[in-house]
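These are my notebook entries on a structure I examined. I record what I looked up, in the order in which I looked it up.

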Amino acid sequence: MSDIQNPVLAEVLHKEEIKEGYFKLALSNLRKYPLVGISLLVLFSLVFMAVFAPWVAPFDPYQQDFVKRLQPSGGGHLLGTDAFGRDLLSRIIYGARISLAVGLMATGLAALIGTVLGIISAYVGGRFDGIMMGIVDILMAFPMLLFCLLLVATLGSSLQNVVLAIGIAMAPRFVRLARAPTLSIKEMEYMEAARALGLPHYRIVFFHVLPNVIGSLIVVITLQVAAAIIAEASISFLGLGVAPPVATWGNILQEGVGQLRNAPWISIYAGTAIVLAVLSINIVGDALRDIMDPKLKGEKR
Amino acid sequence: MLKYFIRRFILLIPIVFFVMTVVFFVMHVIPGDPTYVMLGENASPEAVQELRKNLKLDDPLWLQYTDFIKGFLELDLGKSIQNGMPVTKLIARVFPYTLDLTVVSTIFGTAIGIPLGILSALKRNTLFDSMSRVISLVGISAPPFFLGICLLLVMGYYLGLFPIVGGGDQGNILERLHYMVLPSLSMGLILAAYVMRMTRSCMLEVIREDYMRTARAKGLGEAVVIYKHGLRNALIPIVTVIANYMGHMLGGAVLIETVYSRPGMGKLLVDAIMARDYPVVQATIIVFAFMVALINLILDLVYTIINPRIKYN
Amino acid sequence: MDNQGKDVMLRVRDLKKYFPVKKGGFFGGGTALLKAVDGISFDLCKGKTMGLVGESGCGKTTAGRAILRLIEPSGGEVLFEGRDLARLKGSELTKMRSKMQIVFQDPYASLNPRRTVGQTITEPMMQHRIFRNKESAKKRVRELLEVVGMSAGYMDRYPHEFSGGQRQRIGIARALALNPGFLVCDEPVSALDVSIQAQIINLLEDLQKELGLTYMFISHDLKVVRHISDHIGIMYLGKIVETGTTREIYDSPQHPYTKALLSAIPVPDPTRKTVRIILTGDVPSPVDPPPGCRFQSRCYIKEKICRDEDPVIKNITATHRVMCHLAVSTGLEAAEARRVQ
């Protein structure tokens, strides 16, 4: 950073330096760990597939053709057909839409509710915080899938309810997670400064606490999306989630179980799709975690 | 410290109580009339009335609640709507299967995960290490039921090594074990993946610690060094991972039992949910919650055994 | 402190702050009170600087916060421009806040790392609606930055890009954003290198002259405080044990604690012999302190009365006050003589 007479010019040049720095850092990381690069590619492809499903899928996922039912790959059907003669590949592509969407929406819901509650709870402190943490502890002891099942059982099986159920089941985790950084931020002097300046509490929470808390949550959010996808698949697999003929990876698998002897590929392809998606997210999440604290451990483990 | 555990144990009661309350309210307060669900949309008003009376649905909420609590205390968990059998009996019948599954899965997971993790840490950055890390990544990414299906296909169907449906006769131990292998592997391998990752990272940390060098300098054999000094300290986070997974395991039990058509609490629960058999659903979830709390308590006990320096006060 | 009533900006009377503290036992052996600030009083006139000095843990930081009502006082009055701050509520308190601000000790923790300098300084101005639009606010930010000696071009940078001294300047700029008349400086230079300390102190002095500010300067460092203060208060375990003008305190300290503190200041004159008073004994806990003078456990001239009765404030001059049984009494010199032997 050299002393340039014109402060504005100095600013512009300085910003350019920083941008270059981050970009180079990202690139060098990708080169070192090709696995991460591959996972990102896989993820982008999946998302692309999901978004552009109508153009990517070779067939209509609902179109039945009883002549061609239960065929292994061949005859235009890359992955074969299911019990109703529907093209498996197309169903899996459309299934990506729901599975990924549910994963993202449920995690988003959980993160939103959980983080805000956690921050407020830690900020307010006192008895309120104690009670909240007690509730959260008890809720977290409960197996997530069972909690989801309970909610789905009462609310009914539909897309919204599945998102709601998974979101509510995951929220306590975020409450806990948001609490820790909030507690340490609370003691920071810039918080006192904000109060001394007469800033109202809502402003402090949303503009001073939240931005500093989010950083520590990014990794968890990523990994939770993976968990949400598995949760949706599990719920649909049990027949309690989104029902066929709408395709989700979970219910394709479930239909496939009925045909396990004749057409095991149905379940296998659907399951592989799930594993691919979740695996890529986990790898990227792990990499993010390593980037976030490069100083903590000397070398990548 | 004994006081601490006694206190924790006694705390189980209000916890279960709380869960019961939550379950009760979730099921009763959320809108929707269960009778129509149970009898079908076109049920006659008389049938509906009859059923409501039987289920005491017209009583004020607090009365239903106290009946509910009372019933629990007397160990009368109600009767199943599907077949009229007392729920207690239904649960008692399938509970051993689930217990078996949980215990054996944990054993598999630990027995496979820990040694692999240690080996991986020792052979850091070799091919073995890279491969095992990738495999463990796949392990935590696979939904338990998918793993179950794969195992079922390969080991059960194609190779015919293990039975793929049912739970076997409880009386016959060998048969029980035989029926348990695939289901426990399905869950155990996933646990093994988590355990392996944690073991590896903990051992890596511990190996570098100074007290390891001291132990080696003392001339102790490598194995002793690793197991006695290294592993002991690494065990705590590992046990934590196992504890965390317990929650998933009970959820996974539901899935695995469905895949293998194996009797168990999980299957009981799912079938009950499908049939809107509320008494069974409530009771099963509560038993599950109790089990989870109990398991956590036991694991805390294990912590103190592993590391006597931990004292709860 | 002059009590003439004219131009008294801040009048503190018997300010107290107690913290409840749990005492041992599982089932709660009852709560004790940590008396961080135990009844302090002083006047501060407009345009002057009062230095509040003491060791860590004496309660000076708590006092500063309590005066600004960043923490709630447990008792006493804080009359700022004639109004009791302790009784203000809601929007009145918020309005009052723009008149009194604080500069913090830790330059690394006092700025929000996720906000740029510009955002940090603009925010309070927008909140208090000092400006109608962002443009005029930005102009003001540039002015403020230049006033504290920083380039206006730094507006869009983040705190981590600056050194400790620069961050302190930013903190001062932020404190000035609302045009306060009164500034609490809580150990503003303690975390900085010695060379930078001088710069910041000079900046604060210049600002005081230019803007007519009134300071309460909290520090544990007597050398720093001497330079900038008009009056000084020495705090020990929640009480002000001596106050006076800077000259009075440095030239004729009365309280044994003050003397001990002063004796620790190195004098850059090799020919001057200084008698270093080293305090021994344990510092009593501010939790439920024992009766009598707080300083008795470490006092080198204590007498029996010090153990039995709380000392009262004695006026040595109109501005010089001490809280000690033995001050202003013949016993003092005798006791001193005894100690030196």
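This is a predicted model: local features need pLDDT of at least 70, side-chain atom pairs count only at pLDDT 80 or more; totals for chains, interfaces and linings use all residues.

Entry 1. I found 15 C-beta neighbours inside 10 Å of Glu81(C). A residue counts as buried at 20 or more and as exposed at 12 or fewer, so Glu81(C) is classed as partly exposed. I then located Glu81(C) in the chain: it belongs to the loop between strand 4 (75-80) and strand 5 (83-84) of chain C. I also noted its backbone angle. Glu81(C) is not a glycine, yet its phi is positive, at about 50°.

Entry 2. I turned to Asn179(C). Its phi is near 55°, again a positive value in a residue other than glycine. I placed Asn179(C) in the loop between helix 5 (164-176) and strand 7 (182-186) of chain C. Is Asn179(C) buried, exposed or partly exposed? I found 14 other C-beta atoms within 10 Å, and Asn179(C) is therefore partly exposed.

Entry 3. I next looked up where chain C meets chain A. In the model, 25 residues of chain C are in contact with 17 residues of chain A. Which elements of chain C each supply at least two residues of the side that touches chain A? I listed helix 2 (90-97), strand 6 (100-103) and helix 3 (117-127) of chain C. The largest share of this side, 3 residues, comes from helix 3 of chain C. Finally, I sorted the side of chain C that touches chain A by class and recorded 10 nonpolar, 9 polar and 6 charged residues.

Terms used. Residues are numbered from 1 along each chain as its sequence is written. Chains are lettered from A and ligands numbered from 1 in the order in which they are written. Helices (H or I, at least four residues) and strands (E, at least two) are DSSP runs, numbered from the N terminus. Two residues are in contact if their C-beta atoms, placed from the backbone, lie within 7 Å. Ala, Val, Leu, Ile, Met, Phe, Trp, Tyr, Cys and Pro count as nonpolar, Asp, Glu, Lys and Arg as charged, and the others, Gly among them, as polar.
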